[in-house]
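Visitor: I'd like to learn how to read a model like this one. Could you walk me through it?

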Amino acid sequence: MFLSEIKIFNKLSRLKTSYIKVGILMSLLAYWGVILVGTFVTFN
């Protein structure tokens, strides 16, 4: 029973870190997208 709880906890922690990584990546992409769009709008 204790071993299965550890496996579940490890899976949850891996899922949580993957969601955090995806969230950071998406926020960085949105940030650079806003910068690029603003730059192109300014030059036009």
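Visitor: How many aromatic pairs does the structure hold?

Guide: Just to be clear, this is a predicted model. It holds one aromatic pair, made by Tyr-31 and Trp-32.

Visitor: How do I describe a pair like that?

Guide: A pair of aromatic rings is described by how far apart the centres are and by the angle of the planes. For Tyr-31 and Trp-32, the centres are 5.5 Å apart and the planes make an angle of 75°. Planes over 60 degrees apart count as edge-to-face, so that's the label for Tyr-31 and Trp-32.

Visitor: Which nonpolar patch do these residues belong to?

Guide: Tyr-31 and Trp-32 sit in a surface patch with Ile-20, Ile-24, Leu-28 and Ile-35.

Visitor: Take Leu-28: why does it count as partly exposed?

Guide: Buried means under 20% relative accessible area and exposed means over 50%. Leu-28 has 45%, so it counts as partly exposed. Ser-4, with 35%, is partly exposed too.

Visitor: Where do Leu-28 and Ser-4 sit?

Guide: Leu-28 is in helix H1, which covers residues 2-43, and Ser-4 lies in helix H1 as well. The chain has one helix and zero strands.

Visitor: What share of the chain counts as buried?

Guide: 0% of the 44 residues. The chain exposes about 4,400 Å², with 77% of that supplied by carbon and sulfur atoms.

Visitor: And what box do the C-alpha atoms fill?

Guide: Roughly 65 × 5 × 5 Å along the principal axes. Ser-4 and Thr-42, 38 residues apart along the chain, have their C-alpha atoms separated by 57 Å.

Technical notes: Residues numbered from 1 in each chain as written. Predicted model: local features only at pLDDT ≥ 70, side-chain atom pairs only at ≥ 80, totals over all residues. Heavy atoms only, no water. Helix = DSSP H or I, 4+ residues; strand = E, 2+ residues; numbered from the N terminus. Buried < 20%, exposed > 50% of the residue type's maximum accessible area, 1.4 Å probe, protein only. Areas by Shrake-Rupley, 256 points an atom, 1.4 Å probe, with all protein chains shown as cover. Patch = residues over 30% accessible without salt bridge, like charges linked within 9 Å, V, L, I, M, F, W, Y side chains within 5 Å. Salt bridge = Lys/Arg side-chain N within 4 Å of Asp/Glu carboxyl O. Phe/Tyr/Trp six-rings, centres within 6.5 Å; stacked < 30°, edge-to-face > 60°.
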